[in-house]
Amino acid sequence: EVFFTGGRLATGATLAEGGARLQQNILASEPKREAVLPFIKVFQSLTRRRPFLIRGLENTLVKLLLSLEFFDAEGRKKIAIALALTFALKIGVLTDNIFSAMLNDRLVAKGTVLEVFTIFLQEFLAKDSIDDLVAILTRAKVVNRLMEFMPQSKRTPEEFQAHFKGAGLNNFVEWNVRRDIDRKVSELQEALVEMISGDSDVPPQEVLNQVKARKEEHKLPDSEVLRMIWTALIKSVNTTGKNQQQIMQAIVGKIKAYHKLLKTFATNGKLELSLLLTVQVQCYEDNRLLKLFSDIVRVLYDADIVGEDTIMFWYKKGSHTKGRNVFLKDIEPFIKWLEEAEEDADDDDE
């Protein structure tokens with residue numbers, strides 16, 4: 001408390017009467033990273049030598065966060081900077097205690113919490129990565145509660161994005177949008193697997209209608225939907241006790257039954273390539289599919305889901321690094337067949 005405010009704190013974030021005052025303290029410094037950093041480095045040094053002091057630092061931060069309304073904007077900024085640096089220097093305070101204190105209903109309603117949280121993000125991400133931030137928010141158990149930092153009247157995706165973009169936190173916004181898309185795609189994938197599994201009687205057209213409706217409702221990109229569809233198709237195949245030939249037959253059956261579903265979203269060369277890359281990575285990561293890649297590509301070609309130009313582009317320079325050498329070698333006979341078929345077509349035109 002002395003390092004933060006110059007003395008011991010009393011009720012309402014006022015200094016207790018009596019006792020000496022420390023003139024050099026965080027709240028008496030400039031509201032800048034370089035002015036606050038030396039104090040946090042002192043905390044770091046002290047807690048390394050005396051780990052039990054971490055709890056004291058943690059309690060002080062909690063006390064300050066619960067008293068934010070008693071500080072002016074400049075004081076709140078200094079506290080936010082100090083909080084960001086405490087986590088950046090990995091001093092060891094418990095994240096869930098800190099962020100639980102921050103999510104005080106009264107302070108959230110006033111917008112004070114959003115103000116401090118925004119500065120915290122700006123200062124932390126100035127030097128540290130979004131992955132480090134996500135790790136902190138995850139440990140604090142608030143990674144799925146980010147909307148709660150906003151006042152109740154502003155808890156919409158549009159308000160969330162507008163606020164943090166306006167604060168220059170585009171990488172934070174992009175991460176959150178990506179996470180939201182992943183969550184919605186995952187939910188849709190689970191529903192799709194259930195609809196197309198062996199004991200389901202949902203007609204393919206109804207499956208297509210539901211996927212299109214969910215895509216429009218959640219504004220999901222075609223590439224994500226296409227990746228999700230393929231993953232769901234493979235997950236719906238029962239591979240228990242089956243050899244590779246039987247697994248391939250089951251995959252062919254799924255592609256034939258739901259080729260319209262795949263074609264609906266593989267509408268151009270870029271999307272076709274994204275499908276091929278999804279197939280490639282999945283075949284590489286699943287030993288049961290490792291030797292089936294070229295056969296699957298052939299089936300996708302025969303079903304008019306992936307075109308010749310896309311396959312040739314993938315073969316020449318568009319493949320993923322995972323299993324590249326193995327898959328390029330395995331698909332050589334099919335590539336040769338495509339090239340010969342094209343030559344024959346050219347001869348017929350002449």
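Which residues of helix α8 are buried? Hi everyone, let's start there. In α8, which covers residues 130-139, the buried ones are L133, V134, I136 and L137. Here buried means under 20% relative accessible area, exposed means over 50%, and partly exposed is what falls in between, with a 1.4 Å probe and protein chains only. Helices are DSSP runs of H or I with at least four residues, strands are runs of E with at least two, and both are numbered from the N terminus.

A quick word on the ground rules. This is a predicted model, so to speak of local features we need pLDDT of at least 70, side-chain atom pairs count only at pLDDT 80 or more, and totals for chains, interfaces and linings use all residues. Residues are numbered from 1 along each chain as its sequence is written, and side-chain values use heavy atoms, with hydrogens and water left out.

Back to α8. Just after α8, K141 has a positive phi of about 60 degrees.

T112 lies in α7 and is buried, at 7% relative accessible area. Beyond its neighbours within four places in sequence, T112 is in contact with L68, R76 and L107, where contact means heavy atoms within 4.5 Å.

Now the cores. A nonpolar core is a set of buried Ala, Val, Leu, Ile, Met, Phe, Trp, Tyr and Cys residues joined through side-chain atoms within 4.5 Å. The largest one has 58 residues, and F99, F117, F164 and F172 touch the most other members. Apart from it lies another core of 53 residues, including L208, Y258, L300 and F327. As background, nonpolar side chains tend to be buried together in soluble globular proteins.

On to α10, residues 170-196, where we find Q189. Q189 is buried, with a relative accessible area of 14%. Not counting residues up to four places away in sequence, Q189 touches M228, T231, A232 and K235.

And where is the open space? On a 1 Å grid over the protein atoms alone, a pocket is an open set of points with protein on both sides within 12 Å along at least five of seven lines, whereas a cavity is a set where a 1.4 Å probe fits but cannot get out; lining residues have an atom within 4 Å of a point. Points are joined across faces, edges and corners, and a volume is the space filled by probe spheres set on them.

The largest pocket has a volume of about 630 Å³. It is lined by 19 residues, with P157, N176, D180, R183 and K184 nearest its centre. Helix α10 gives the most to that lining, with 7 residues. By class, the lining has 6 nonpolar, 4 polar and 9 charged residues. Ala, Val, Leu, Ile, Met, Phe, Trp, Tyr, Cys and Pro count as nonpolar, Asp, Glu, Lys and Arg as charged, and the others, Gly among them, as polar.

The second largest pocket holds about 230 Å³. Its lining includes F3, F43, L53 and T60, and α3 gives the most, with 4 residues. The classes there are 6 nonpolar, 3 polar and 1 charged.
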